[in-house]
Amino acid sequence: MLTYLFILGKPAVITVGFLFVLFAPKRYKYFRGVISINLHQPLKLDVTISFPEKWDELLPSEILEISKLQLLYPTDIGQQKAMLLVYMLKERARVQKIKIGRNWTDLLDTEQAVLDGFPLLEFIYGENNLMHTAEDVIRIPGILPGFTKAVFYGPKEGFQHLVCGEYEDAETHFNLFYEDPDGKHLAALAAVLWRPKNTPYISLKKGKMETYDAKKAAHFFEKLEPWRLYAIFMWYCGCRNQMPKLFPTVHEGDGNSGKLDIMAFTKCIHAGAGPKNGSRNDIRMMKLFEFFFDMEQEAVKAKEMTIDN
């Protein structure tokens with residue numbers, strides 16, 4: 001087992017190894033195959049705490065904390081990492097019901113913690129592969145005091161359960177946020193994807209297609225704390241980053257122009273409309289992955305024909 005050893009307060013040490021959880025009660029679902037950290041100082045502290053090594057091993061509370069720190073210290077990565085390392089060790093000890101005491105941070109050797117602790121956080125500052133949301137269910141107080149809270153249910157992991165119309169509208173708000181980093185665009189994005197229970201985004205009623213009115217719900221999401229909205233944005237980015245990997249041919253050439261195209265997926269829908277997939281409205285009701293799989297097959301065929309010619 002590869003082990004990193006660093007002194008946190010003479011003669012305290014932390015040993016970093018690998019822990020594989022062989023049982024899986026619900027509260028340990030984020031602890032499979034994660035790194036283990038042993039905090040040790042003779043007669044004072046000797047505990048082993050699990051630690052993640054990839055995005056989807058993060059606890060929901062850790063995702064929210066990452067979001068909060070990135071907003072509080074947008075240009076100070078060192079401050080982010082220092083506060084995040086302490087938070088994650090403390091939070092994981094709490095979740096695993098491990099007692100570490102109130103003053104355990106007094107044992108830390110700052111320089112050594114930076115040298116050996118910060119590398120454990122590097123995956124957060126690399127490619128975002130986050131696939132699970134920080135909040136599956138979001139409860140927001142009513143517009144007026146005394147009114148019942150509004151409850152919204154988020155999507156399952158990844159984009160595989162989205163329909164094309166849902167993704168198209170979410171993409172619009174996602175791209176608008178890049179052009180104008182205002183929280184209202186994230187609120188609008190959240191309103192598309194988090195909806196009342198058992199509420200489809202697009203449905204057929206008496207033969208007529210109806211789209212969920214996300215605009216009415218957006219004002220609820222504007223009441224959320226900024227870091228909760230930004231955590232939704234981080235999740236969306238992580239899922240979105242997987243699309244070119246799943247459907248590489250369709251995404252070939254993305255970003256070459258260096259110019260943001262808000263209508264990129266809308267153009268993709270129009271390109272896919274026809275005898276096989278039906279009208280634009282028909283495609284908006286299709287499962288996103290089903291449509292992309294079809295477009296990928298067509299793109300591969302077109303590429304092969306170009307090479308042959």
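These are my notebook entries on what I looked up in this predicted model.

**Ground rules.** I number residues from 1 along each chain as its sequence is written, and side-chain values use heavy atoms, with hydrogens and water left out. For this predicted model, local features need pLDDT of at least 70 and side-chain atom pairs count only at pLDDT 80 or more, while totals for chains, interfaces and linings use all residues.

**Entry 1: the whole chain.** I looked up the secondary structure and found 10 helices and eight strands. Helices (H or I, at least four residues) and strands (E, at least two) are DSSP runs, numbered from the N terminus. Of the 309 residues of the chain, 44% count as buried. Buried means under 20% relative accessible area, exposed means over 50%, and partly exposed lies in between (1.4 Å probe, protein chains only). The chain exposes about 17200 Å², and carbon and sulfur atoms supply 56% of that area. Accessible areas come from the Shrake-Rupley method with a 1.4 Å probe; for residues, only the protein chains shown count as cover. I also looked up contacts, meaning heavy atoms within 4.5 Å. Among contacts in the chain with a separation of 6 or more, 67% are between residues 24 or more positions apart.

**Entry 2: helix α2.** This helix covers residues 77-95, 19 residues in total. The expected span of a helix is 1.5 Å times one less than its number of residues. I listed the buried residues of α2: Q80, K81, L84, L85, M88, L89, E91, R92, A93 and V95. An α-helix has 3.6 residues a turn, so residues three or four places apart point the same way. The buried residues of α2 pack against β3 (35-41), β4 (45-51), α1 (60-72) and α3 (110-117). After α2 comes K97, with a positive phi near 60°.

**Entry 3: L121.** I found L121 in the loop between α3 and β5 (137-140). Is L121 buried or exposed? L121 counts as buried because its relative accessibility is 0%. Leaving out residues up to four places away in sequence, L121 touches F51, K81, L84, L85 and M88. Of these, K81, L84, L85 and M88 are among the buried residues of α2. L121 and E53 are 68 residues apart along the chain, and their C-alpha atoms are separated by 7.7 Å.

**Entry 4: cysteines.** How many disulfides does the structure hold? I found zero disulfides, a disulfide being a pair of cysteine sulfur atoms within 2.5 Å. The sulfur of C237 has its closest cysteine sulfur in C239, 9.4 Å away, which is too far for a bond. C239 is likewise in no disulfide. C237 counts as buried at 12% relative accessibility, and C239 counts as buried at 2%.

**Entry 5: N277.** N277 sits in the loop between α8 (264-272) and α9 (280-284). N277 is buried, with a relative accessible area of 12%. Its side chain makes a polar contact of 3.1 Å with the side chain of D294. A polar contact is a pair of N or O atoms within 3.5 Å; within protein, one must be able to donate a hydrogen and the other to accept it, and residues adjacent in sequence count only if both atoms are side-chain atoms. Neighbours within four places in sequence aside, N277 is in contact with G272, D282, I283, M286, F291 and D294.

**Entry 6: M285.** M285 is in the loop between α9 and α10 (288-308). M285 counts as partly exposed, at 30% relative accessibility. Not counting residues up to four places away in sequence, M285 touches V163, I202, L204 and M209. M285 and L204 are 81 residues apart in sequence and 9.3 Å apart in space, C-alpha to C-alpha.
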